[in-house]
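Here are some notes to read beside the model. Keep the structure open and find each residue as you go.

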Amino acid sequence: MDDVIVIGAGAAGLFCAMTAARRGRRVSVLEAGPKPGAKILISGGGRCNFTNLGTTAANFFSDNPHFAKSALAGFTPRDFLALVEGAGIAWHEKTLGQLFCDGSARQIVDLLVGASTEAGARIETGCAIGEITRTEEGFVLHTDRGTRRAARLVVATGGPSIPKLGASDFAWRLARKFGLRVVPAHPALVPLTITDAAIGAAFGAGSAAELAGVSFETIAGCGRARFREAALITHRGLSGPAILQVSTPWRPGAAITLDLLPGQDAQAMLREAKRRRPRASLGGVLGEHLPQRLAASLATLLPQATGRGMADLPDRALDGLAAHLGACPVQPSGSEGFARAEVSAGGVATSALSSKTMEARDIPGLFVIGEAVDVTGWLGGYNFQWAWSSGYCAGNNV
Ligand code: FDA
């Protein structure tokens, strides 16, 4: 009988196993896939954006925006960085506090696997888990390797994004079986699909294909969330960091807005251009601030601008265009789904767990950590930081 069984040898599970084993707990990690840390290996373009120095609870979406505070304070980005440096892994800061390995994401997996096995944790890959029941002593797991028992059970199986890696909604099915509420999940940090008609309404183009490959800086908004980063028009709709960010709060049926001239007063800019360069074309003026293809397409939104100079365009028409450029409404038809999503938003309800321990309030001995919980980070290293912090928190309490 183990003290602790951790299900899932991903970021959170390995970190929890390492922490618990260092406290002298007898720990087994049961992993369904053929190798530990599969998502870590493909993260950050193969270099793993392993944390973000600016991480606070404000960088996460959750039904309870305060839930992550305690775990994040207990194990901070600087704490993880100290481990990385202690292992001699070279790193660099890209932008906005995002830290990446200079070499490869494999170094992070090697660090986690090495530290947890050195501390005594056993990692078993290729293990299929069937029924799980609760007894007076703890938990009984029926696996294809026989029956396993543990006093405490940590569920660290992540969410269903990228199913081809073996990702599943196992955690949520198990949580429901034990009576824990699960916040309905949706794909997050994912490209959004947009119909040609909606692309036309937003950018003036006949189809997404006409503008595919154009990238521009924007402030993307959805509800109260705002992200200033790059966006990219694709054959299917919109992608790029700004779009991935707003895909998390976005819900089907809602519109997003794009400020196409971030940090600029579009109305003042257009009126000034009309005064100073009366013969310039609208497309030419817009092209000084936006990629040429996008500028030319946006100019078609004012049909009266065709073949005319700025001086011929009424202020009212320019003001209307300025309002559109400042908060361009875009109506997505959907997202590219869990197959392309970096994370799954939603998950085991924070109200079912203690934020101090990650233990289920009504099921002593059952812990849920990482992406399986209804705590979803922004793009930029926040999701791994949540995996480390929640794993550390549970590891200290199992
Ligand atoms: P994780 O998915 O890491 O681990 C879950 C483990 O459980 C897996 O090993 C899985 O095989 C196993 N499992 C599932 N079902 C099981 C079952 N029934 N029985 C046993 N085992 C089971 N984040 C970030 O901060 N920086 C970044 O650079 C990136 N980059 C990135 C790129 C891509 C392409 C993706 C898809 C995701 C990212 N992320 C990211 C997100 C990050 O990978 C994610 O948030 C964490 O891996 C979540 O850690 P968990 O340990 O919760 O789940």
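1. Start with helix α4, residues 77-86, where Pro77, Phe80, Leu81 and Val84 are buried. Buried means under 20% relative accessible area, exposed over 50%, and partly exposed in between (1.4 Å probe, protein chains only). These four residues sit on the same side of α4, because they cover an arc of only 100 degrees around the axis. The arc is taken from the directions running from the helix axis to the C-beta atoms. On the other side of α4, Arg78 and Gly86 are exposed.

2. A word on the source. This is a predicted model: local features need pLDDT of at least 70, side-chain atom pairs count only at pLDDT 80 or more, and totals for chains, interfaces and linings use all residues. Residues are numbered from 1 along each chain as its sequence is written, and side-chain values use heavy atoms, with hydrogens and water left out. Helices (H or I, at least four residues) and strands (E, at least two) are DSSP runs, numbered from the N terminus.

3. What do the buried residues of α4 pack against? Their partners include α1 (11-22), β3 (49-52), α5 (106-118) and α14 (382-395). Contact here means heavy atoms within 4.5 Å. Just after α4, Gly88 takes a positive phi of about 75 degrees.

4. Now look at Ser389, which is in helix α14. Ser389 counts as buried because its relative accessibility is 0%. A polar atom of its side chain lies 2.6 Å from the backbone oxygen of Phe75. Leaving out residues up to four places away in sequence, Ser389 touches Ala71, Leu72 and Phe75.

5. Gln245 lies in helix α9, residues 241-247. Is Gln245 buried or exposed? Gln245 counts as buried, because its relative accessibility is 2%. Its side chain makes a polar contact with the side chain of Glu229 at 3.0 Å. A polar contact is a pair of N or O atoms within 3.5 Å; within protein, one must be able to donate a hydrogen and the other to accept it, and residues adjacent in sequence count only if both atoms are side-chain atoms. Not counting residues up to four places away in sequence, Gln245 also touches Leu189, Phe227, Trp378 and Leu379, among others.
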